[in-house]
Amino acid sequence: TEQQNEQQDQQRNEEKKSGKNAKVKNDEKKDKKGESLVRSDILSADIKAFQDYQVGTNSNVNTPDGIVSIRFNEDVGSFHVKANIYGLEADCNNCAIRIHEATSCASSTNLGSTFYDGNEIIGGDPWNATNTTATYSTTSNGYTGAAFTLYTGRTMEENKDRAVVIYKADGTPIGCGILKEETYEPIALLEAKIERYPNFTELSLFEGDVQVSFFLDESFELKFRGTGLEANCYQCGVHIHQGTTCDNEASVGGHYWEADMFSDPWVPEQGAFYTTSADGVSDRSFYLYSGKTYQENVRHAVVVHAQDGTRIGCGILQSVTQGSVGRRIKQNRSLTSSEVKTGNKPSSWRHKLSRAKGLRTKSR
């Protein structure tokens, strides 16, 4: 009817205003559980050298070029930072990445203070130089693929349009980008059905599932849903492990990450946990980067832990390659492990770094 057509037109206009990608087909908007694959809780900044750093004796010494993406864990207020930047000084260890009050990258001397809520944060500035969490390290080629999780007391909306600043080892600010809100979707999915861990006989009603959604920069969102768990479990572990079986307890192994790149990210401080209600129900997701690619995580075990660390559940990650997700896997290639570890620029690397944001619509 004419009234229905008017309602449909109004709905399409509202979707455009809210930043949704109206061109994405319906089968590409939903996963098999009917949930949207299109996200909007990311801020990204294109990192370039400061103009006032590129003059005089500093010309062409370091020319940062890359992307910093920030994904928010809304339930706890922390955010996950993922950097892919070339052109930095070589072998820079624990060099600073900071968000500043500034809303412009025009000058490296007019950045304002670091951006955090002093009334919310206990213990002082989380961007402080003594906090080695908010740092990056580079290869001999001046590349970083750094990742970390931080809590600053500031929301996604408050961080929008702020400056992300990259520092040298001596504290000189050399690169900058302005955080803009983006809409994106994952390029690959892994799923695991969680059952009770070998030889674990308690929690007879426990069942769950894990979904891991990978983005082009190889960071991922891990979502865990479970019922029949212990009540009020606080910051309990759910991790991808080294093993590729749940049948043999001794073969499940420890946490799975690229240990020669950084310390274990599968810890509560990096957001890698779930919580439960008084009824033993959990439905939580978090963002993480382990240094392992989507392909490297296929068929690895996901382990669920109790409050005391006991392994209570296990499942094997299987690739989801049907429909639109499968097409995206074939059409897109993220940075390989070799490119991440060595810092060698891949062919068309600028295109790959742009795609590393996983964008499907324009920034807002």
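Predicted model: local features only at pLDDT ≥ 70, side-chain atom pairs only at ≥ 80, totals over all residues.
**Entry 1: Tyr-256**

I started with Tyr-256 and listed its contacts, skipping neighbours within four places in sequence: Ile-240, His-241, Gln-242, Trp-266, Ser-290, Lys-292, Glu-296, Asn-297 and His-300. I then looked up where the residue sits, and Tyr-256 turns up in the loop between β13 and β14 (273–274). Is Tyr-256 buried or exposed? I get 12% relative accessibility for Tyr-256, so I put it down as buried, the limit being under 20%. Tyr-256 and Glu-296 are 40 residues apart in sequence, and I find 9.9 Å between their C-alpha atoms.

**Entry 2: nonpolar cores**

Next I went through the nonpolar cores. The largest one has 38 residues, and the members that touch the most others are Val-210, Leu-222, Phe-224, Val-238 and Tyr-274. Which strands supply at least two residues each to this core? I noted β10 (188–196), β11, β12, β13 (236–240), β15 (282–288), β16 (301–305) and β17 (311–316).

I took Val-210 for a contact list of its own, again leaving out neighbours within four places in sequence. Val-210 is in contact with Leu-190, Glu-191, Ala-192 and Ile-194, then with Leu-222, Lys-223 and Phe-224, and also with Val-238, Val-302 and Leu-317. Leu-222, Phe-224 and Val-238 were already in my notes as core members that touch the most others.

There is another core, apart from the largest one. I count 27 residues for it from the search, including Ala-45, Val-81, Ile-174 and Leu-179.

**Entry 3: disulfides**

How many disulfides does a search of the whole structure find? I got four. With bonded cysteines counted along the chain, the pattern reads 1-2, 3-4, 5-6, 7-8.

Cys-92 and Cys-95: the sulfur atoms are 1.6 Å apart in the model. The torsion about this S-S bond is about -90°, so I logged the disulfide as left-handed. Cys-92 is buried at a relative accessible area of 2%, and Cys-95 is buried with 2% as well.

Cys-105 and Cys-176: here I read 2.0 Å from S to S. The torsion comes out at about -70°, so this disulfide is left-handed. What parts of the chain does the pair tie together? Cys-105 is in the loop between β4 (95–100) and β5 (135–136), while Cys-176 is in strand β8 (residues 173–178), so the link spans parts 71 residues apart in sequence. I checked accessibility for Cys-176, which at 4% counts as buried.

Cys-233 and Cys-236: their sulfur atoms lie 1.7 Å apart. I have a torsion of about -100° for the S-S bond, so this disulfide is left-handed. Both Cys-233 and Cys-236 are buried.

**Entry 4: salt bridges**

The structure holds seven salt bridges. I followed up three of them.

Lys-48 with Asp-65: the closest N and O atoms are 3.0 Å apart. Lys-48 belongs to strand β1 (residues 39–49) and Asp-65 to strand β2 (residues 65–73), so I noted a pair that links distant parts of the chain, 17 residues apart. Lys-48 counts as partly exposed at 43% relative accessibility, whereas Asp-65 is buried with a relative accessible area of 16%.

Asp-209 with Arg-225: I read 3.4 Å between the closest N and O atoms. Asp-209 lies in strand β11 (residues 207–214) and Arg-225 in strand β12 (residues 220–227), so this bridge ties together parts that are 16 residues apart in sequence. Which accessibility class does Asp-209 fall in? At 21% relative accessibility I have Asp-209 as partly exposed, while Arg-225, at 14%, counts as buried.

Glu-158 with Arg-154: the closest N and O atoms here are 3.6 Å apart. Glu-158 counts as partly exposed at 32% relative accessibility. Arg-154 is partly exposed too, with a relative accessible area of 21%.

Technical notes
Residues numbered from 1 in each chain as written. Heavy atoms only, no water. Disulfide = S-S within 2.5 Å. Buried < 20%, exposed > 50% of the residue type's maximum accessible area, 1.4 Å probe, protein only. Helix = DSSP H or I, 4+ residues; strand = E, 2+ residues; numbered from the N terminus. Salt bridge = Lys/Arg side-chain N within 4 Å of Asp/Glu carboxyl O. Core = buried A, V, L, I, M, F, W, Y, C linked by side-chain atoms within 4.5 Å. Contact = heavy atoms within 4.5 Å.
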